[in-house]
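Please open the model in a viewer and keep the sequence beside it. The stops below go from selection to selection.

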Amino acid sequence: MGRAWVFGDNVSTDYIIPGRFNITTNPIELRKYVFHYARPEFVGQVKPGDLVVGGKNFGCGSSREHAAIVLRECGVHLVANSYGWIFRRNCINLGVLPLEMVEKPQTKDGDLMELDLKNLILKDVTADSFQKLKAVPRFVLDICSSGGLIEYLNKAKTYSV
Amino acid sequence: MSTIVEKILTKKGKIQGRLAVVDIDYIMSHDTTTPLAIEAFDKFTDNVIHKDKIVIVFDHIVPPSYPDAALNQRNMKDFCRKYGIRFFEGYGICHTLMLEKGFVKPWGVIVGGDSHTPVYGVAGAVGLGMGSTDIAAAWRTGQTWLEIPDSIKIEITGRMKKGVTSKDVALAYVKELTLSGGQEKALEFCGDTLNRMDVYEKMPIGIMAAECTAVTEVFRDETSGLIPDKGASYFNEVSIQVNELEPLIACPHSPDNVKTVSEVEGRDVNQVFIGSCTNGTIHDLRTAAKILKGHKTNPYVRTLVSPATIAIYNQAHKEGLIDTILESGAMVCTPPGCGPCIGRHLGVLGDYDVCVSTSNRNYQGRMGSPKGEVYIASPATAAATALEGKITDPRRYL
């Protein structure tokens, strides 16, 4: 169970962490600037197990992996209608599953959420509603369940399709 | 019945359904994405590296303006020295440099630690923008994976009127496609307007594909055999007739918030920036110098001009453009880099600053203070704006 942090469409990587803070590679340092301008209360209130609920094209814009790193550091689950292509890969590569909703989320910011990863069901406990999430491709699951792309390749040595 | 992108990926890869594992020709990364890639690479349990495929460019913060950036860049050089990897520091902005140095060839596949990597389609290659872990994996394997994207055909036809440039054409299709219109898709550009442009004039059109979240893009090129099969199927088709196109401008805070310049003319500005991977070529400097020549920039506007590479700077110097620009009161910023576009250095916006920039993104806070405003336009519009101190239609100076 966790609370929902709801965002709209086309949330850019600059929105997730403004480019000017991407100078260090230290994840703990980077985490301080998550949604720095857009949702300044987020960093102090977010808890592991919370859900970031995006609209369509979540994580569009730059290729900077820092955006995926800060969300991983917060320990949140990621659910959106769709993602920016590079951001989605970055999440997979870091072992963060970019879950996709079929419907437009009715969820309100602050709602209590429950995520059933085994059956891919997203429950909004506050609104007493649920929806089925899209199936995740096998290849993507393999990378994520290894803990990320480097860990996957350390085992597999090469890509097998 | 394949699109051009399908043909290139099939030639370079092993395909299983829509999943492709492709061989990469070059792997480009810069000083923002390389440090994290090195950290990821160090987690590999063996030392295999495809060093001859690697190109590293120092362009985002050159020279460093923060101690952390300096440390990152020293680590990058240590890494390059250790493995014998080629790197370029102070030579220019990665994408323009990659084209200039001949790394981009028709039918090639290049991955880049930068979201504007799809621009290599201007020279007939599939460019894929990626994050640092993907870059590290490419160094290690020489390959990458992707789901083969469907294509959107963008046909650009007709002759541009005076005062209209390839940047205005780019803004026209971004407005049409919107920020999410290219999601999961490749863009295939064609049409007679493009046949009259060289690769550098095509750059704004190629760069802005990333603003529609396109996976990659390619420009048709019959001489290299880069043509789709007859009957190739497209997800969508967009047609841009440039005959009637007017100078365009993307208003705060989104690249697809496009209006005509005449709609927002008169808005006071504090900074003008002409440069970036999008509009820092010799064509752009000629366009700007033509408008600035014999005039003075408005003293209340900080006007910055930055050639995208040292080679372009040298050419501009030979043509007398640098003198013309300096005489107008504008500042010429070298070494070439990404500083102003990403709000790092050499022209950061303060609270309530308004900037007209020839770069590619105007998300809130992109060029500095989140209270600043960025308008994205052509070098012609930017130069005319620098003279007047307010957003100005360039046609009155041509």
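Which residue in strand 8 of chain B does Leu19(B) stand opposite? Select Leu19(B) and Glu147(B): the two stand opposite each other, Glu147(B) being in strand 8 of chain B. A strand here is a DSSP run of E with at least two residues, numbered from the N terminus. This is a predicted model, in which local features need pLDDT of at least 70, side-chain atom pairs count only at pLDDT 80 or more, and totals for chains, interfaces and linings use all residues. Residues are numbered from 1 along each chain as its sequence is written, while chains are lettered from A and ligands numbered from 1 in the order in which they are written.

Next, select residues 19–23 of chain B, which are strand 2; five bridges join this strand to strand 8 of chain B, and the two run antiparallel. Two strands pair if DSSP finds at least two bridges between them.

Move to chain A and select 121–124 and 129–132. These are strands 6 and 7, which run antiparallel and are joined by four bridges. Lys123(A) has Phe130(A) in strand 7 of chain A as its bridge partner. Four residues lie between the strands of this hairpin, where Asp128(A) takes a positive phi near 55 degrees.

Last, return to chain B and select Ser239(B), in strand 12 (residues 236–241). Is Ser239(B) buried or exposed? Ser239(B) counts as exposed because it has 12 C-beta neighbours inside 10 Å (buried means 20 or more other C-beta atoms within 10 Å of a residue's own, exposed 12 or fewer, partly exposed in between; C-beta atoms are placed from the backbone).
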